[in-house]
Amino acid sequence: MISVTKLLCDTEYFGDSLRYSQNSVGQVNGAFAGHGPVVVWNSTRTCNLKCIHCYSNSESKKYEGELDTKEALRFIDHLAEFKVPVILFSGGEPLLREDLMTLAAHAKSKGIRPTISTNGTLLNRELTASLKNLGIGYIGVSLDGIGENNDRFRGREGAFAAALAGIRSCREAGQRVGLRFTINRHNYSELNAIFDLIEEENIPRVCFYHLVYAGRGSKMVDEDVTREEARQALDLIMERTMEFHRRGLQKEILTVDNHADGVYIYLKLKEKDPERARQVLELLRLNGGNRTGIAIGAVDWYGNVHPDQFTQNHTFGNVRERKFGDIWTDTTQPVLAGLKNRKPLLKGRCAACRWLDVCNGNFRARAEAVTGDFWASDPACYLTDEEIGLS
């Protein structure tokens, strides 16, 4: 995760202490020294929508065998033992779990910051007030376009209006909320409209995700943005971020799942503001690039532990059988061991890249989806050969 706001404007938001900390340098089992990773828990596979890029292949039906309340409470206890700082309740649609409030409250009582990733269509005034009172740290609402374009992606007419109503409920309740937007060829032209929306609706945060080819999203490889379109998207994101900053609008702008973004921002700054560029490079080195299998991990609805939520084809163990911390630190599993020290295993452009210390090989799930090789180059890296030192 790249904080565009932090890099360009030197502002400080909550998550920056996890992303840019000396205490995270050299860690192989957690977000920072003495702690475990941020854990994405896909708490249910059931969803009320059917998004065309859903990495979990979720549908509106009940899936048997998901962790029950007792098992989930014990799982959260074990996360607390491992000093996991944040749990992200995801899905499917996590708001469809009837015991979500109980589980989130338990996480909060154990010192874990509970957050929620939702499509937003089920949020209403009563629910968001309850979530606020419970102490939910953040709710991320996914939108992948404006109006009908979002509805097409989400597989339901009216999904955009319902999600927007949910965001407004959060704002009215004082619940911290933000947008999640997955960039692809069919919606990157709406980036300006998304920036307009967060200003009009007074939304304080937006995360722009790069498409990962997993689940139903594995069929969208040819619908991803081109390298040139990715660069144009980052140019616009940088421009609008700086515009907000100049106007005194406090908006946290982040990009996710492509650490080429950090290098691209550095190279752009180097042309105009070499001193700020030097400071940004130091921040990127503290961040360390992609830390799947290190500072972020995932557990699915059955309790299987994965490198991240997009890489569910690699499983390291199950929390019904072993504690999460024991699984996460067991390097007899070759993929997990490789992720904790991946540089010698990387191939192609990634292996030879001059920015490997600030990118760490980018996203392995995309490399495997396209080439069949987990350690191949990430095909979504849009930096030129000259920029990465190959020409």
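The model is predicted. Helix α4, residues 100–109, lies across β2, β3 and β4 (113–118). Here the angle of about 170° is to β3.

These strands belong to an open sheet of 11 strands. The order is β1-β8-β7-β6-β5-β4-β3-β2-β9-β10-β11, and the pairing is mixed. β1 (2–3) and β11 (317–318) stand at the edges. Each has a single partner strand, so one side of each is left without a neighbour in the sheet. Strands of a sheet pair through backbone hydrogen bonds, either parallel or antiparallel. Take β7 (residues 205–210) and β8 (residues 252–256): they run parallel, joined by 5 bridges. Within β7, Y209 stands opposite V256 of β8.

Now turn to helix α7, residues 159–173. At 1.5 Å a residue, its 15 residues should span 21 Å. The end C-alpha atoms are 21 Å apart, so the model agrees with that expectation. Buried residues of α7 include A159, F160, A162, A163 and L164. Further along, G166, I167, S169 and C170 are buried too. The buried residues pack against the helices α5 (125–134), α6 (148–154) and α8 (191–200), and against the strands β5 (138–142) and β6 (177–183). After α7 comes G174, with a positive phi near 80°.

Helix α8 holds D196. Its relative accessible area is 32%, which means that D196 is partly exposed. D196 and S43 are 153 residues apart in sequence. In space, the C-alpha atoms of D196 and S43 are 32 Å apart.

Notes:
Residues numbered from 1 in each chain as written. Predicted model: local features only at pLDDT ≥ 70, side-chain atom pairs only at ≥ 80, totals over all residues. Heavy atoms only, no water. Helix = DSSP H or I, 4+ residues; strand = E, 2+ residues; numbered from the N terminus. Expected span 1.5 Å × (residues − 1). Buried < 20%, exposed > 50% of the residue type's maximum accessible area, 1.4 Å probe, protein only. Contact = heavy atoms within 4.5 Å. Pairing = 2+ DSSP bridges. Axes fitted to C-alpha atoms, helices over the stretch in contact; angles between N-to-C directions.
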